[in-house]
Amino acid sequence: MEIVVGLNLTSIKPRVWDASDFTYHLPKVNAVMVSYAQFHESPTRRERAMTKGLHESLDIPKRVKIYLDNGAFRFSRAGGEVPRDTYKEFVKEAKPDWHVIPQDYIPTPHMSDEEQIECLQQTMDVNKQFNYDGFVPILHVSRYLDNYIQLFNADEKLQNKTSIAIGGIVPNLLRAPKAMSGQKILEKVYKIRETFVDKKLHLFGVGGTSTLHVAALLGMDSVDSVGWRTRAARGLIQMPGIGDRSIADLGNWKVREPNTQEMKLLEKCQCPACKKNGIDGLRKNRTVGFCNRATHNLWTLLEENRLIQEHLDADTYVDWYKDHLYNTIYRPLIDQLVKKHLEHK
Ligand SMILES: [Zn+2]
């Protein structure tokens, strides 16, 4: 499973893909995701990306794939939509390696049935309108997912798409009011996997290490996460199998500090930031501390992904995860998925 590293273009550091930066370089970063909203907000940035291409304009090597998200969520918060023609023009000139349809309508759990159906119809309209070239269609995890699948299968051109992006899982997993139960969500995503066996499935917005397990067991091909950065900005670090710990006092996030045993683990951390700057580096404020924590978090995520893959490939996952993954609200879901995983073997 590919981890697509979510970026923020207003402060792109740490440049984890840059091999000349020994403190922050993570060789396993093979893909990053940027949002069209951030190009729309800065005409200079947009112009440069369109003139030079995304890779050169962001100084990201070609071997690292650049995924483009439409930024619809951000536009909607300002009460608007992604301008479809300018998005299309941007895609043509800036040449991302992967790009979704220009606009989707996210059915949040608190919406009424009518509102969710409206989102479904509007998103499917855009999917159909952009069923050509490389536009990746979007399906949403909602109470009406079955209808998305039906409509999708009724369109011949959509059927020929090689990739599908899946949105809307996050607000559901966060247990918003009227959110579906965890089990229901998993069944829905599982259904997408079973229906579209030969397509590459990308799951939008996976947060921490335990959700990686969920995505991998669901058979996703790629996921993206900005969690490494948002946590770092709050002074939080991710620890393998354990979850988040607070290492720098940057606000009241009600997250535990590492205990003595966890501090010992941290002292031995093999990420480039910890190897160079140690725990003191993680505790620093301002950009330096942020970069250390962000690098640590992303390294932890990539490392977790490697371990999951290795254990799944070697058929040792079932024995491994029980001791590795504790203290997570997703544990019951993961137990269910493991059961399903075994049934399908
Ligand atoms: Zn570290």
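**From values to terms**

Tutor: Leaving aside neighbours within four places in sequence, Trp-253 is in contact with Arg-234, Leu-236 and Ser-246, where contact means that the C-beta atoms of two residues, placed from the backbone, lie within 7 Å. This is a predicted model, in which local features need pLDDT of at least 70 and side-chain atom pairs count only at pLDDT 80 or more, while totals for chains, interfaces and linings use all residues. Residues are numbered from 1 along each chain as its sequence is written.

Student: Is Trp-253 buried or exposed, and how do you know?

Tutor: A residue is buried if 20 or more other C-beta atoms lie within 10 Å of its own, exposed if 12 or fewer, and partly exposed in between. Trp-253 has 12 other C-beta atoms within 10 Å, and therefore it is exposed. Its place is the loop between strand E11 (243-246) and helix H13 (260-267), where helices (H or I, at least four residues) and strands (E, at least two) are DSSP runs, numbered from the N terminus.

Student: What makes helix H11 largely enclosed by the rest of the structure?

Tutor: Nine of the nine residues of H11 (residues 209-217) are buried, so the helix is largely enclosed; among them are Leu-212, His-213 and Val-214. Following H11 comes Gly-219, whose phi is positive, near 80°. Over the chain of 345 residues, 41% count as buried.

Student: How do you know whether the radius of gyration of the chain agrees with that of a compact globule?

Tutor: The radius of gyration is taken over C-alpha atoms, and the globule rule is 2.2 Å times the number of residues to the power 0.38. With 345 residues, that gives a value near 20 Å for a compact globule, and the chain has 20 Å, which agrees. The C-alpha trace spans about 55 × 50 × 40 Å along its principal axes.

Student: Why are helices H14 and H15 called oblique to each other?

Tutor: H14 (residues 272-283) and H15 (residues 286-313) pack at an angle of about 125°, with their axes 9 Å apart. Angles under 35 degrees count as roughly parallel, over 145 as roughly antiparallel, 65 to 115 as roughly perpendicular and the rest as oblique, and H14 and H15 are therefore oblique. Axes here are lines fitted to C-alpha atoms, over the stretch in contact, and angles run from 0 to 180 degrees between N-to-C directions.

Student: What makes Asp-59 count as exposed?

Tutor: Asp-59 has 11 C-beta neighbours inside 10 Å, and therefore it counts as exposed. Its phi is near 55°, a positive value in a residue other than glycine, and Asp-59 is found in the loop between helix H3 (54-58) and strand E3 (65-69).
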